[in-house]
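New notebook page, new structure. I want to get my bearings before anything else.

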Amino acid sequence: MTKEERLKYKELTKALPKILKDKIKKYKFKKKDFMIWYNKKELFFDLLIDVKVKSDNKCYCTAIETIKPLWLDDLLWDLLKMETNKETPLSLRTTGAFTVSGSVLFKNETELKEWTISELEEIIDNYLEHFYKTVQSSSICDFYDNLENSIYHVELRKALSLVYEQNYQDALDCLKDQGEGVFKNGNVSINNAIREYCINQLSH
């Protein structure tokens with residue numbers, strides 16, 4: 001990056017939160033820290049918009065949209081004995097440390113050829129409009145259809161979905177070689193908690 005590009009990049013990253021805060025009002029989206037989110041009945045959507053300079057020294061605005069049912073985090077918290085999280089504001093489901101990443105519905109990057117704020121605003125307008133259409137048109141089927149689109153939390157998404165559907169043996173098979181899992185609350189690890197719950201349900 002040249003000195004001029006560094007300054008422009010700094011301006012872009014500084015402007016991004018304010019631009020998002022202003023532009024989401026039109027859609028009634030919510031914002032928590034760096035995440036935009038929206039809740040529609042039993043579905044939770046979030047959108048991450050970022051600005052980054054990649055190894056090719058070009059500047060990009062990126063977007064990732066995800067979808068998950070509310071029961072996904074509820075089940076995680078029940079199993080980790082963190083049930084009180086269910087009483088917290090919904091925004092916890094997008095920025096909380098103990099939350100399951102949803103299925104990725106849309107991923108995009110657009111180059112800012114001139115590294116300007118006006119370019120950034122135009123790209124953000126397109127991303128927010130896309131997110132609005134996603135929210136309007138998506139259903140729980142989109143969560144299942146895109147379950148494996150991202151490797152992040154993929155085994156956990158699958159296992160919790162199988163538990164929710166009461167497919168306990170399939171959930172156990174899913175976690176066969178998965179160790180303790182990504183979450184641990186005290187001495188309760190998520191994969192062991194899922195295994196214990198499934199074995200208990202199968203013994204009834």
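Below are my entries on the strands, the core and the pockets.

**Entry: before I start**
I'm working with a predicted model.

**Entry: the hairpins**
I began with strand S1 (residues 30-32) and strand S2 (residues 35-40). They run antiparallel, and three bridges join them. I looked up Lys32 and found Met35 of S2 as its bridge partner. S1 and S2 make a hairpin with two residues between them. In that turn, Asp33 has a positive phi of about 55°.

Then I moved along to S2 and S3. Six bridges join these two, again in an antiparallel arrangement. Lys40 has its bridge partner in S3, namely Leu43. S2 and S3 form a hairpin too, with two residues between them, and Lys41 in the turn has a positive phi of about 55°.

**Entry: the core**
Which residues touch the most other members of the largest nonpolar core? I got Ile49 and Ile194, out of 55 residues in that core. I then listed the elements that give two or more residues to this core: helix H1 (3-23), strand S3 (43-53), strand S4 (59-69), helix H2 (70-79), helix H4 (117-137), helix H6 (154-164), helix H7 (168-174) and helix H8 (190-202). H4 gives the most, with seven residues.

I followed up on Ile194. Leaving out residues up to four places away in sequence, Ile194 touches Leu79, Leu156, Ala159, Leu160, Val163 and Leu175.

**Entry: the largest pocket**
The largest pocket has a volume of about 410 Å³. It has 23 lining residues, and the closest to its centre are Met35, Asp46, Thr66, Ser101 and Tyr152. I'd already met Met35 as the bridge partner of Lys32. S3, S4, helix H3 (92-95) and strand S5 (103-111) are the elements that give two or more residues to this lining. By class, I noted nine nonpolar, ten polar and four charged residues there.

**Entry: the second largest pocket**
This pocket has a volume of about 190 Å³. Among its lining residues are Asp78, Leu79, Lys81, Glu196 and Tyr197. H2, strand S7 (188-189) and H8 are the elements that give two or more. I wrote down four nonpolar, three polar and three charged residues for this lining.

Notes: Residues are numbered from 1 along each chain as its sequence is written. This is a predicted model: local features need pLDDT of at least 70, side-chain atom pairs count only at pLDDT 80 or more; totals for chains, interfaces and linings use all residues. Side-chain values use heavy atoms; hydrogens and water are left out. A nonpolar core is a set of buried Ala, Val, Leu, Ile, Met, Phe, Trp, Tyr and Cys residues joined through side-chain atoms within 4.5 Å. Buried means under 20% relative accessible area, exposed over 50%, partly exposed in between (1.4 Å probe, protein chains only). Helices (H or I, at least four residues) and strands (E, at least two) are DSSP runs, numbered from the N terminus. Contact means heavy atoms within 4.5 Å. Two strands pair if DSSP finds at least two bridges between them. On a 1 Å grid over the protein atoms alone, a cavity is a set of points where a 1.4 Å probe fits but cannot get out, and a pocket is an open set with protein on both sides within 12 Å along at least five of seven lines; lining residues have an atom within 4 Å of a point. Grid points are joined across faces, edges and corners, and a volume is the space filled by probe spheres set on the points. Ala, Val, Leu, Ile, Met, Phe, Trp, Tyr, Cys and Pro count as nonpolar, Asp, Glu, Lys and Arg as charged, and the others, Gly among them, as polar.
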